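Subject: Structure handover

Hello,

The structure is below, followed by notes on what was found in it. Please read the notes with the structure open.

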Amino acid sequence: MKVILLKCHKKTIFSYFEPVVTEPLELEYLQGVLDDINIPSLIHDSLFIKKSYKDYIKEFNPHIVYLTGYVTATEIIINRAKWIKRNFPHIKIIVGGVYAQINYEDFLCDPIDYIVNSSSLLSFKSLILNIGENKRLNNMDGVIFKKNNEWIINKSLKIGSWEDYMPNREFFYRYKNRTKYLNYENMALLKASHSCPFSCNFCYCKLLNGGHYVTRSNDSIIDEIKSIHSDYVWIVDDTFLVDKNKVMDFCDRLEKSNINKKFIAYSRADFISSNPNTIKRLSSLGFVDFIVGMEAVSTSELDSYNKSLTINENIRTIEILNNYNINLTALFIVNHNYTIKDFKTLRNFIRKYNLKTYTLSIFTPMKGTEIYKEYKDLMDKVSFKKFDFLNLLIKPTHLCKFRFLWEFYKTYVLQLFYSSKYIKFLFNRLRGN
Ligand code: B12
Ligand code: SF4
């Protein structure tokens, strides 16, 4: 039996500049599972591979094709499944990943055979073994399948504790020279938890793994970091700094291990603002960039997102990261109720605190989140590809659409004038590097 693991992408305005290019770590994990049961597999990710997935399928002749992608790639996944079934009816098609895990109904269609609504790698392993042995599936938590042309919807399987699979990094090593996060190049990803223990109402990430927050031991994190050959490691946990004791223990172990790498991670502003000494230590151990969901520039707006943060914590975070020479990537949400004054206030904040790297997302209720129900009727006809945080899905309350988008992009473009890092990045892109 052979498997192709296929990552589907929908290009956005920013994909043309490719500010961030990363390995498809989730596929490398699945490949790790397949290696374990001696099943040959190939990864296809169009970010790295020019040859079409169709040629890959024709040449490799797999029995199973696994398709994944984020919300924006939903239509692409379904179209690829249709093409595969039309041309190779014997191939079994599995769909999974973070979008399908919660929104599996979007994939209940003819060409797809199985949908995995779980993050447990064990569900993937059992499914593959079952297909291999041609067994009829009955109840299998975490797997949705067809029986007598009826869909059997099993409940999602939550991970209770960290599963000890390791990703197969061959794909990464082949293409690592192309990986980057802005100017940081040669960058691996690392995952150390599932879900998030906080309750911001717009957030999709906290819903993953059934909302159950699961972490991994510091020992196993350090072992994986040691095993990766790359200059940078981006820890992609939704928030890496949660438990102060665990973070201090991580620092102790990192210090002892003599690892000489640079790190990027996500953190909440409340951790950074209340633990300056820990941040100082992380800086000395190679943390060069923290990505922080600042979201808004007033406490009342932060409250409206149930962010449990104050604007003072955001400001203190900026100061601390500055003091310890760590770059801040600030993430902001631009709400559809913004007035011109709100945009100006946001720009003034960015300028006042000299923020050099930030992203703006247009408020986008993701399918599956609490706020989606509230806004659903306003968005029913919106195509999946527009859920990229750059499209205006809800009619602005105070501005016409054009003016809103003008203000939005104006605020985005501002950083080009203030950030030497961005200018260097754009210059490199224009030179074709
Ligand atoms: C890093 C990251 C990126 C990277 C790419 C990372 C990558 N792997 O390719 C970059 C910055 C490029 C990126 C871009 C985008 N991203 Co992004 N990204 C993330 C982030 C922070 C981590 C993803 C990651 O790599 N995790 C590491 C992997 C290993 O973890 P994992 O996918 O959970 O997989 C584990 C398990 O789930 C399980 N598993 C995985 N797959 C499968 C399959 C089966 C069958 C089974 C059983 C188990 C299983 O095994 C793994 C090991 O435990 C997530 C947040 C999150 N919580 O997921 C957002 C996230 C995935 N991104 C999101 C979005 C929307 C986007 C964009 C569309 C945003 C945009 N503005 O354009 C683009 C799309 C880019 C594209 N062309 O596809 C959303 C997706 C929401 C959704 N409903 O689909 C998320 C959840 C963030 C959010 N705001 O909600 N992203
Ligand atoms: S926005 Fe960040 S802190 Fe809030 S729930 Fe989501 S991942 Fe957690």
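**Lys125 and helix 5**

Leaving out neighbours within four places in sequence, Lys125 has contacts with Val33 and Ile37. Lys125 is part of helix 5. It is partly exposed, because 18 other C-beta atoms lie within 10 Å, and a residue needs 20 or more to count as buried. Between Lys125 and Val413, which are 288 residues apart along the chain, the C-alpha separation is 46 Å. Please keep in mind throughout that this is a predicted model.

Domain 1 puts 19 residues into the contact and domain 2 puts in 22 residues. On the side of domain 1 that touches domain 2, strand 2 (20–21), helix 3 (74–87) and helix 4 each supply at least two residues. Helix 4 gives the most to that side, with three residues. By class, the side of domain 1 that touches domain 2 has nine nonpolar, seven polar and three charged residues.

**Core**

Which residues have the most contacts inside the largest nonpolar core? They are Val65, Tyr66, Leu67, Val95, Ile115 and Phe332, in a core of 101 residues. Both domains take part in this core: at least three of its residues come from each of domain 1 and domain 2. As for Tyr66, it touches Val3, Leu5, Leu6, Leu30, Ile94 and Gly96 when residues up to four places away in sequence are not counted.

**Ligand 1**

The shell around ligand 1 has 35 residues, and the closest are His9, Gly96, Val116, Ser119 and Tyr204. Like the core, this shell draws on both domains, with at least three residues from each of domain 1 and domain 2. Helix 1 (25–36), helix 4 (98–102) and helix 5 (121–132) each supply at least two residues of the shell. Helix 1 has the largest share, four residues. By class, the shell around ligand 1 is made up of 20 nonpolar, 11 polar and four charged residues.

**Ligand 2**

Around ligand 2 are Cys196, Phe198, Ser199, Cys200, Cys203, Cys205, Lys206, Asp238, Thr239, Arg268 and Gly293. Five residues of this shell are nonpolar, three are polar and three are charged.

**Helix 12**

Does the length of helix 12 (residues 311–323) agree or disagree with its number of residues? At 1.5 Å a residue, its 13 residues should span 18 Å; the end C-alpha atoms are 19 Å apart, which agrees. The buried residues of helix 12 are Glu313, Asn314, Thr317, Ile318, Ile320 and Leu321. Their cover includes helix 9 (269–274), helix 10 (276–284), strand 16 (287–295) and strand 17 (327–334). Just after helix 12, Asn325 has a positive phi of about 60°.

**Other positive phi values**

Two further residues may be worth a look when you go through the backbone angles.

- Asn354 is not a glycine, yet its phi is positive, at about 55°. It sits in the loop between helix 13 (340–352) and strand 18 (357–362). Asn354 counts as exposed because it has 11 C-beta neighbours inside 10 Å, and the limit for exposed is 12 or fewer.
- Phe389 is not a glycine either, and takes a positive phi of about 70°. Its place is in the loop between helix 14 (370–379) and helix 15 (401–418). Phe389 has 19 other C-beta atoms within 10 Å, so it is partly exposed.

**Gly210**

Gly210 lies in the loop between strand 12 (193–194) and strand 13 (214–215). Is Gly210 buried, exposed or partly exposed? With 17 C-beta neighbours inside 10 Å, it counts as partly exposed. Apart from neighbours within four places in sequence, Gly210 is in contact with Ser156 and Lys158. Gly210 and Tyr104 are 106 residues apart in sequence, and their C-alpha atoms are 14 Å apart in space.

Regards

Notes: Residues numbered from 1 in each chain as written. Chains lettered and ligands numbered in written order. Predicted model: local features only at pLDDT ≥ 70, side-chain atom pairs only at ≥ 80, totals over all residues. Near = placed C-beta within 6 Å. Nonpolar A, V, L, I, M, F, W, Y, C, P; charged D, E, K, R; others polar. Core = buried A, V, L, I, M, F, W, Y, C linked by C-beta atoms within 7 Å. Domains from an automatic or database assignment. Contact = placed C-beta atoms within 7 Å. Expected span 1.5 Å × (residues − 1).
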